[in-house]
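Hi,

Here is the structure I promised to pass on. Have a look, and then read my notes below.

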Amino acid sequence: MHGVASFNTRRFPYPVLKLGLIEICECKLMGSTLCDYLPVPIRLSISVLVDLAKKEFDPLKVPERASYQHHRSLNDLELSANSGCDFCTLILDCFKGTPVNEKALTWIWRSGWIGRACKLEDSMFSFFKKLPATDIKIYIGASHVSAWQTLADVCVFDIVFISVGPVRGPLDLTSTIYGPLELTLTIPWNDNIRVGNYRIGRFPTSDLGSELNFDIARTWLKNCQEKHPRCVRHDDTAQLPTRVIDVGVSEGSQRIIHSHGMAAQYIAPSHCWGGSISPILTTGTLKQFQEFLPFDDLPANFRDAIIITQNLPRPKPVRLRVYPDSEQSYEKETLKDLDKNSALALRGWTFQESLLSPRQLYYGKRQIYWKCRYGFEAGDGLPSSPDHRTPRFDFFVLPSILYGDLISGPYQPDVDTEELLVEYYRLVRNYSSKKLTYKSDKLPAFSSLAQRIHAALPDKCEYLAGLWSHDFLRGLIWHRLSSTATHSLEYRAPSWSWAITDDAIAYYQPSEFKIVRFKLELLGWDMSFRDPDNPYGEIKAGHVVVRGYTTPLVRSQQTIMINTDIKKNIGSADYDEPDPDVPPTTRGRDIVFVILRDDGSLIEFRNQNSVDKEGWVIDSNAFLSAEHLVLLIGIRRYDEGGENAECLILREVSGRKEKEFERVGYLQLTQPNQAWMEMWDYQMLKLV
C-alpha cells in the first residue's frame, strides 16, 4: 500500500499532519503490554489497524482485545513526542490544546482545540493525567456505518481513534466521561488508496464555489453520461420551459429568453425560497429582463445557480418561474415534460424534485453530493448510509415510470399495477408531512408525480384529489401517524382525501379487499378545478357518490379499561382531530374502543388506565348528541387467517340542501360478524 494521508480531527480545527501510510508512527518507545493479536512489537500502520479491525469491530466501543496498544501511559506519549515522533506530537498537541468541558455528554468532545490559548491545567491532558490508568490505545473506524452495522458494511476506513484508559462495558467508549479523540484520514481527491477490500481515507472538502468542487461535479456528470447505460441519454434534449435564463459565460451577460417550443438541455435549480425575494420575474418586469438580467441584484441562491451552471461542461439555460400574476400559466406548464430535465424548483418542493430529476447535484453546507439511477456520490468520497442526510429514493417501480422514456438503452420493464400502487401509497406517506410555503400547493406540488404515474395505470382510471378511481377504496384507508391529522380550514381537497391535512399520514397494509359482497361501490364523482385543464392541480370543490353498508356510531364521554369486558370490544377508532367534548386518553395516541350494543349499533369509549370498575355498565347520560355514521369500505382477509373490516367515520355536514357527509376518522373492526354486518343499512351517500 502506498500513499499519503492527512490527519486532523472530525469535529474541530486541530493541527493537520501528513504521514506515510505504511508507517504512521516513528515511536522509539513501544508499549510492553501488547494486543492479543500482536504477539511481538510492530510499527503502527494503517494496515495493522485494518488487520486488527478484522478481528474485532464495533462502531460503539473500544475493542477489548484488538486495539493497538500504543503507549503504556501519557508519560510515554510525551517521551516519544519529545524524541521526535510527529504522530505522537500530534496526539499530545490535541490533548494539551483542548480545554475540558465538564458539561459534555458521555462520549463527545464538546470543546474545540484552541492550541496554546488553552491552559495546561484546564486541558484534556491534565484531566487524563488524573486517571488511575492512562495507557494509549489506537484503533480504526468508519464514519459511514451506523451503530447497528458490522464490519461487512464497511467500505471506507476514515477515522483513527485515540483512547485513554481502560475499557469498560459495551456501551462505554472509555472509562472516563469522554470518548476517544477522533482523527480523520484525508487523502487527495480521486486517489484510490486501499488495504485489501477497504478504501482508506476520505477526500478533503473545500469551499463550495472552489474549482475543485466544479471539477468533481463535472467528473460525476461525465461519468454518468458516458458510463451509465440506464441513466439519461447523453444527447437527450427536451422541450424547454416557456421562459429560461441564458446564463452566458460571465457576469452581466444573463437574460431571459422565450423558448418558443425549442428543444435543448437545461438545468433547474432547487432551493428553499426563504420568504420574499427581490427582484422577481413578473409580466411587468419580463421585457426588461429579456434585455438584461441584473446579476448583482439577484438573490444569492439565483446567482449561485447561474455560476454553477456556467461551470458545468457547457453553458445551459436555467429555468425561472413567473410569479403569481401569471400563476395559472405556470400550473399548466408543470403538466408538460419539464420533469424530465428539471427539479421543478418551486417554493421548496424538494420531495417532488428529488423524484422527478434523474440526475441531481446537491449543495450542502460543507460539500456537494450527486445522485442518479446508479447510486450516490459525496464530495468526501464516503458512501451513502442510513444516517446520511441526503435524499433517499427507495423505490423500484417508480423510476421506470417517472423517467423511463429518457433512459439509455432499450430496456423498459413492464409495469405491475399492483406494485406501482403499493409504491404510490408509500410515496403519499413520505410526501404527506412535507412542509409547503403555501398550503394550497398540497396537490399542485404533487401534480407532476401524479401525472406521470397516471399514464402507467389502466385506461379509464381517473385521478381524484390524490386517489385513483381504479383503486379508490384502498385510497380511502389512510390514518394519522401522530396525535392529529388536522383538516385544512381553507378548502383545498375533499375530506376523504389525504390532501386535506398537513400532518403525516399512512396506510395500513395496502392490500386489496377480496370479499366482494361488502365492498363499497364508487358510483360517480364531480371535481371542480381552479384550472379546468389541469386535473392534478388545485381543487375548488369535489365529491364522490358511493353505495355501501352503514351503521350508527354513538360517541361517549365514558372511559373504560382496555381489559374491561373485553368480549364486547370488537374494534378501535382513530379520529383525525380531537373532540373537545371527549376526554383524552392517558395513552400517547387517542385510542377509541368500539363496543357492540345489544341492538346491533356501535358505541365508542376512550381507554383510561386509571379507571377499572368490575361489572361496569353503559352510562347513557355520557352520550354525545352529535350523530356519526360508520361506512364500511370493505373486509380484508389475510393469508395467515383473520379478517378486518375497514371503515370510515362520517359526520353529516350541516346547512346543505341535500345530505352530504364528511370524513372525521377511521375505524377498524376485528373479526367482524358478517351476518351482523348484512343487517346494516345499505344506502347511497354523497361524500364531500
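A quick word on terms to begin with: helices (H or I, at least four residues) and strands (E, at least two) are DSSP runs, numbered from the N terminus. This is a predicted model, in which local features need pLDDT of at least 70 and side-chain atom pairs count only at pLDDT 80 or more, while totals for chains, interfaces and linings use all residues. Residues are numbered from 1 along each chain as its sequence is written, and side-chain values use heavy atoms, with hydrogens and water left out.

Let's start with Ser 432, which sits in helix 11 (residues 417-432). Ser 432 counts as buried because its relative accessibility is 1% (buried is under 20% relative accessible area, exposed over 50%, partly exposed in between, with a 1.4 Å probe and protein chains only). A polar atom of the Ser 432 side chain lies 2.9 Å from the backbone oxygen of Arg 429. Leaving aside residues up to four places away in sequence, Ser 432 touches Lys 442, Asp 502, Asp 503, Ala 504 and Ile 505 (contact means heavy atoms within 4.5 Å).

Next, two residues with a positive phi. His 260 is not a glycine, yet has a positive phi of about 50 degrees. You'll find His 260 in the loop between strand 12 (255-258) and strand 13 (263-264), and at 76% relative accessibility it counts as exposed. Gln 671, also not a glycine, has a positive phi of about 45 degrees. Its place is the loop between strand 29 (661-670) and helix 14 (674-677), and Gln 671 is exposed at 52% relative accessibility.

Now for the salt bridges (a side-chain nitrogen of Lys or Arg within 4 Å of a carboxyl oxygen of Asp or Glu). How many does a search of the whole structure find? There are 23 salt bridges. One of them pairs Arg 72 with Asp 76 at 3.3 Å, N to O; Arg 72 is partly exposed at 46%, whereas Asp 76 is buried at 13%.

Another joins Arg 547 and Glu 521, also with 3.3 Å from N to O. Arg 547 lies in strand 23 (residues 539-560) and Glu 521 in strand 22 (residues 521-529), so this pair ties together parts that are 26 residues apart in sequence. Arg 547 is partly exposed at 31%, and Glu 521 is partly exposed at 30%.

Finally, Glu 660 and Arg 656 form a salt bridge whose closest N and O atoms are 2.2 Å apart. Salt bridges with shared partners join Arg 656, Glu 658, Glu 660 and Lys 686 into one network.

Cheers

Notes: A polar contact is a pair of N or O atoms within 3.5 Å; within protein, one must be able to donate a hydrogen and the other to accept it, and residues adjacent in sequence count only if both atoms are side-chain atoms.
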